[in-house]
Amino acid sequence: MLTVIMSAYRPLLCLLRRGTAARVCRTVTTWSPVGAAFNAKVHRRLELYQQNVGLFGVPELASVEGFEVVQDRALQETEQLVEKACLCPPGVQTVEIFDKLSDSLCRVADMADFIKVAHPDPSYREAAERTCINIGTMVERLNTNVELSKSLKDLLDNKEIFAKLDPETRRVAELFMFDFEISGIHLDKKKRKEAVNLNVKLLDLSNQFLMSCHMPNRIEKRALPEHIHQHFSKEGEHVQISGLHADAPDDLVREVAYKVFLYPNANVMHILEELLACRDKLACLVGYESYAHRALKGTMAKSPEAVMSFLQQITDKLSDRTERDFKMMRDMKTKLNPKNSEVMPWDHPYFSGVIRAERFNIEPSLYSPYFSLGACMEGLNGLFTQLYGVSLLAEQPSVGEVWSEDVRKLAVVHETEGLLGYIYCDFFYRPEKPYQDCHFTIRGGRRLDDGQYQLPMVVLMLNLPHPTRSAPTCLSPGMMENLFHEMGHAMHSMLGRTRYQHVTGTRCATDFAEVPSILMEYFATDYRVISQFARHYQTGQPLPQSMVARLCESKKVCGAADTQLQVFYAILDQVYHGKPQNRSLTDIMIDMQKKYYGLPYVTNTAWQLRFSHLIGYGAKYYSYLMSRAVASMVWKQCFYKDPLNRETGERYRREMLAHGGAKEPMLMVEGMLQNRPSIEDFVNALVSDLDPDFETFIMDSEG
């Protein structure tokens, strides 16, 4: 069966046959098909007579008008499934129908959600945006459909039938019921209508806030010293500042960017205040103490109290080291700028980077020739083959299947299970593309009625420079880690084999969803893994072991201060989504910054107005820290001794990756670690990563 599947693919060997890889590298280095596919410019074959298959192989999306067609078809199918669910007697079929409902809407909504931000054609983006709104409206209607919820409640209330269901089906039924409850299905008609109106209002406020987060601020040219104008874009008599310029060596550039970009906007402040008030009102309306209590149900943390305990314990354990880190920054700033040695918030990222570079000589340009994109993809392919028996095969997209000709398509194939799914790699910079590395689910996996499996389909989006005729795309160490991180999300989607789409892959608790991706960062900094693929694109020489050791140790420099900054962000997120306080959002931020960060507040700034994660991660920003703690524990206990061990890889897939959200997250962690960790265990794992005596594996050259 495997050979039949394999023969269906067209790996991009033509790149080698046409000599493209040789033109790029001009060296003795040879690349596997997957390496060659990413280390050269795409040369699409001229397919004059091939039919346009449409985006992601959806025929209707060969044209922009097709969005309305696929949307209407999904909405019609939804109406039919709702009717079927309401007539269905309680049993497993009830959950199956609900999952078909979820799948029908998600397949359109998820795809549209990606296309509205990533497609280079504005008409496609606009059509996708309209589709998102229409599908979202239908979801709101379903979440407040009393008859539909009753069909599910009848199943949950029938203890005899419910007990006979398998654990995954029971969990999915409970998750669907939770969606109804947080939408106010149990309320009377008047309050239910109020809940619907609040949800609609929140959708609008969220979009407004997200748009405002990235809008530039302007200041008159004459207000700034002329010698720094060149660092910013100009607009008539104004300078436009669209970011923090955190890496700028000039202190004044960083200071100006910080003060102007974060200058308060009264209208945006009102939007955020209203958004938080609406969230609180909705949470209280449906029976929760606060929005944070509602958001954290079903997560590993479970409650705001547990999250605050986690964050407070991190702060307590890191306090001395955080102060030492800030002292190092002050010393470095004094050395470089004796007249102004006070460390300010705009200094933190810059001086921590300067200290790392000076101590360990980790100039990115020294590393990047060893991290060509093709080499990194070969490394990922080799890692997945050794851990899971999975290969990444480059496949030629059909006409119209991708939205940009530089998108690569990978088929993910298991040595015995066959084709697992597809990953579309949208890795290269283009104008108007969002400057954010991320993973999008386009289609979730699920078991079909005929016993076949609906193959998952995902997109990974990065913003890398294009290869040239003389050199492939070369990644900095940070870019390489980001690639491994995002591929961790993709493999979570590929290796899950859940029965239901509603819980496939990354559709799981937020504080668990980042575990597989963060774990990949540990593989990306382990010499035993890196040595398998990191070689100079011109000479073929491997990356020296000493350079990997320096890179790993450098990550611990100022690590306490960096972690404490994340704690501050997470604390602010919790407090904003906790019980309302009778003071301004800025006053709350000033107080939290003083208690949980250590660098002074800058007058007339409102950092919270640029905190876009308040929308997608509302009350769950702590998830990055908790997921990092879990990933650290899994790495040290399971992979540290032998990161390429197939038996451990299979166990990791079986215990954690396979279930998506179909299993309670802490049970998956417990299954992998063979014990149930406490909050204190999480804190200790996170803090121990910063200890100089716990080094990422460095081979003993003498032994």
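This is a predicted model. Start with the largest nonpolar core, which has 170 residues. The residues with the most contacts inside this core are Phe371, Met377, Ile423, Phe427, Phe639 and Met656. Which helix gives the core its largest share? That is H24, residues 559-576, with 11 residues. There is also a second, separate core. That one has 62 residues, including Val95, Ala118, Cys438 and Ile442.

Back to Ile423. What does isoleucine 423 touch, beyond residues up to four places away in sequence? Arg408, Lys409, Leu410 and Val412 are among its contacts.

Next, the arginine. Arginine 446 sits in strand S8, residues 446-447. Buried or exposed? Its relative accessibility is 12%, so arginine 446 counts as buried. Leaving aside neighbours within four places in sequence, Arg446 contacts Asp99, Lys100 and Asp103, among others. Gln452, Tyr453 and Gln454 also contact Arg446, and so do Thr498, Arg499, Tyr500 and Gln501.

Last, helix H16, residues 348-360. At 1.5 Å a residue, its 13 residues should span 18 Å. The end C-alpha atoms of H16 are 18 Å apart, so the two agree. Buried residues in H16 are His348, Tyr350, Phe351, Ser352, Val354, Ile355, Arg356 and Phe360. What covers them? The cover includes helices H12 (251-261), H15 (304-336), H23 (545-554) and H24. After H16 comes asparagine 361, with a positive phi near 50°.

Note on methods. Residues numbered from 1 in each chain as written. Predicted model: local features only at pLDDT ≥ 70, side-chain atom pairs only at ≥ 80, totals over all residues. Heavy atoms only, no water. Core = buried A, V, L, I, M, F, W, Y, C linked by side-chain atoms within 4.5 Å. Buried < 20%, exposed > 50% of the residue type's maximum accessible area, 1.4 Å probe, protein only. Helix = DSSP H or I, 4+ residues; strand = E, 2+ residues; numbered from the N terminus. Contact = heavy atoms within 4.5 Å. Expected span 1.5 Å × (residues − 1).
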